[in-house]
Amino acid sequence: MTKTAVLAMLDELIALTILDEENVQSFKVRAYEKARRGVENATDDLPALSDTQLTKIDGVGKSTAAKIREYLTIGSVEKIDQLRKKYPPEFVALSNIPGLGPKSIKTLRAKLSINNLADLQTAIDSQQLRELEGFGATSEEKIAKAIERLGISDKNRRFPIADALPLAQALVDRWIEVESVSDATFCGSLRRMNETVADIDITIGASNGPLVAEKVRSSPEITEMLAAGDTKISFLVASGLQVDVRIVSPEQFGAATLYFTGSKAHTIAIRQLALQQNMLLNEYGLFKKTDDGKENILVASQTEQAIYAALGCDYVAPELREASGELEAAAKQALPDFIALTDMKGDLHYHTDRSGDGRSSVEEMVAAAAAKGYSYLAITDHGEDLAINGSNREQMLEHRDKIAALQPSYPNMTLLFGCELNIGPDGGLDYDSDFRALFDYTVASVHSHFDQSVDKQTQRLYNAIADPSVHSIGHLTGRYIGKRPGIELDMQTVFDALVEHDVALEINGSLNRLDAASDVVRQATERGVKLVINTDSHHKSELGRMEYGVLTARRGWATKDLVVNSWPRDKFLTWIGYN
Ligand code: DGT
Ligand code: CA
Ligand code: ZN
C-alpha cells in the first residue's frame, strides 16, 4: 500500500463525511483534512511506522491513526464501508455535477428517489426538478446543460483519468512484484492518455500464470468479481470502475500489450500493414508465412519495439496510437521530433504556501525542483484578485526577497519571481501594469465566471493575451475533467492572438485538468503557437505531473521546438526578456 493509496482513502473519507454531515466545516471534516495534510508531508513508507509513530504525524489523532492502520493491514476501512452503504459511489458522483451539492443530492434522493445519474436524467426529462422546492426551472436547465457538457449523460459511463490512473498505477506497481512476473502495464485508453476511460485494462506477463491469477483475484480493492479465470480476471472496485486483467506468457507480452492498448483503429491499421508485407499480426505475435504458405514462423512478440521494428516502422508510443496519421509517418520513419519528458528544463507554473491553496514552503518547493535537475523555475503564486488564495503587493514583495535569498544556494537553477495572474470576467488582471512589470514571468489563467458567451470569453482571453505583462496562458478553459465544463472559446481567434503577442499556451499536467486538451494542442501546434508544459504544483509531491503534461503534449503532436520550457536556459531567458 503506497502513501498515494492512503491519501485517496482519506479523500474518500472526507467526501463521504461531508455528505453525511452536510457541512464542509464540521469538526470531523476539519480533523480529517488536517490529518490528510499531515500524511501528505509524512514519510512515504507509512507501513514502517508503529502505531505510536502514526499518531505523531501532524494532525493525526488516535482514531484516524487506527483507520490508517486498518487500511494498511486489510486494504479497507470499516467506517468507509458503512458510509458507502449509505451513499453508494454512483450516488456520491452526483455531487460532482455543477449546481448539485451534498444537500441537494440528498433532497433529490428523499423527494424523487434519485440514486444515480440515470435517475436524475429521467427526472430532468420529465421536468420533475422544477417543481421541487429549492430548485426551479432555471436550476433544472442548468443541471441538464452541465450533464450534457460534461459528456456523462450516456449510459456507457466513463471515468475521468484522474480517478483511473492512480488506481491502475497502484495495481501495476503491486503485481509487477509478484513472483514470476516479467512485466506488467495498464493498456487501453488509459495508456493512450485519453481524458476519460470506460475501464482499466491491465496486461501481465508471467511464467507462472495461475500463481499470479490467484494474487490478482485476492486484491483488497475488489467489490464484485465478474470473471475469475486464470488468464482473464474482471472485477469492479468501489467507484464502479471495472478492471480487466489479462495474464500472458512473458514471450507474448509485447504482442498482447500492442493489441490491448489499441486504439482499435490503430491495431487494425498495423495489422493491415503486416498483411501488405505478407505477415500476420495478432495478440500472440507477428508471424511470417513460409514460402509454401503452410506455416507461420514467429518474427517478433516479446516487445512492442521489436514488432514495430520488424515492420520497418519507427516505434509509435502509446499516446500517439489514435490512427491520426502516426502509422503512416512511422512507416516512412518520419515521425516528427515530439517533446519528451527528458527534454524538460523547468517548471513555470508552481505554487508555494504563499498561495492560500499551496501546501509546501518555498524552501521545500525550490529544493524539489532542484532535485529534478531543472535549470530554471518560475514561482507563480496567486495574485491579489484571487480571494483567500492570493497575495497583496506587500506580501508579494516580501516573497520576492525570500526567493532572491534562496538563489545563491542554487547556482544551476535560475529562480524567477513569477505570478499566476487571475483573468477577470472581462480580461482584467491583478495589481496594475507597473506592479505586474516587476514579475520576471507570469502565467495568466481563468478561475471563475465559466458561464459567459463564447464571444465574451474569447474577448476576455484576447485582452489577457494582449497585456504586455503576460508570458503564458494557464489551464486554458478552467475545466475539471468530468466535473466542471470549461469556458467555450473561438480557438482560431485565441491562436491568432497567442501568435501575434508571442504568448505561450500552457499544457497543465494536473490529471484533473490536462488543459489545453490534446486536440487543442494539435491545432495549436499546426498554427505554430508556442507551448509550455507545467505541473501547477501546490505541494512538493506533485512534480511528477510533468509526465502527464508531456504525454498530453505528445498526443497533440507537440514538437520540441515549440515548447519554451524545453529550451536551454539562455534561449528561454532571452525570450522572457530577463536580464
Ligand atoms: P475505452 O475502454 O472505451 O476507454 O477504450 P479502449 O480503447 O480501452 O477500449 P477497450 O477497453 O474496449 O479495448 C481495449 C483495447 O483492446 C482496444 O483499444 C483495442 C483492443 N480491442 C478491443 N476490441 C477489439 C476489436 O474488436 N478489434 C481490435 N482490433 N482490437 C480490439
Ligand atoms: Ca479500456
Ligand atoms: Zn496555479
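The structure is a predicted model.

- Aspartate 199 has a relative accessibility of 18%, so it counts as buried, the cut-off being under 20%.
- Aspartate 201 is also buried, because its relative accessibility is 11%.

**Helix 20**
- Helix 20 covers residues 454-466, which makes 13 residues.
- From its first C-alpha to its last, helix 20 reaches 18 Å, close to the 18 Å expected at 1.5 Å a residue.
- The buried residues in helix 20 are Gln457, Thr458, Arg460, Leu461, Ala464 and Ile465.
- These residues are on the same side of helix 20, because they cover an arc of only 155 degrees around the axis.
- In general, an α-helix has 3.6 residues a turn, so residues three or four places apart point the same way.
- Strand 15 (472-473) and helix 21 (491-500) are included in what covers the buried residues of helix 20.

**Glutamine 452**
- With a relative accessible area of 19%, glutamine 452 is buried.
- Its side chain reaches the backbone oxygen of proline 425 at 3.1 Å.
- The side chain of glutamine 452 also makes a polar contact, at 3.3 Å, with the side chain of glutamine 457, one of the buried residues of helix 20.
- Apart from neighbours within four places in sequence, glutamine 452 is in contact with Pro425, Gln457 and Arg460.

Technical notes. Residues numbered from 1 in each chain as written. Chains lettered and ligands numbered in written order. Predicted model: local features only at pLDDT ≥ 70, side-chain atom pairs only at ≥ 80, totals over all residues. Heavy atoms only, no water. Buried < 20%, exposed > 50% of the residue type's maximum accessible area, 1.4 Å probe, protein only. Helix = DSSP H or I, 4+ residues; strand = E, 2+ residues; numbered from the N terminus. Expected span 1.5 Å × (residues − 1). Arc of directions from axis to C-beta. Contact = heavy atoms within 4.5 Å. Polar contact = N/O pair within 3.5 Å; in protein donor to acceptor, adjacent residues only side chain to side chain.
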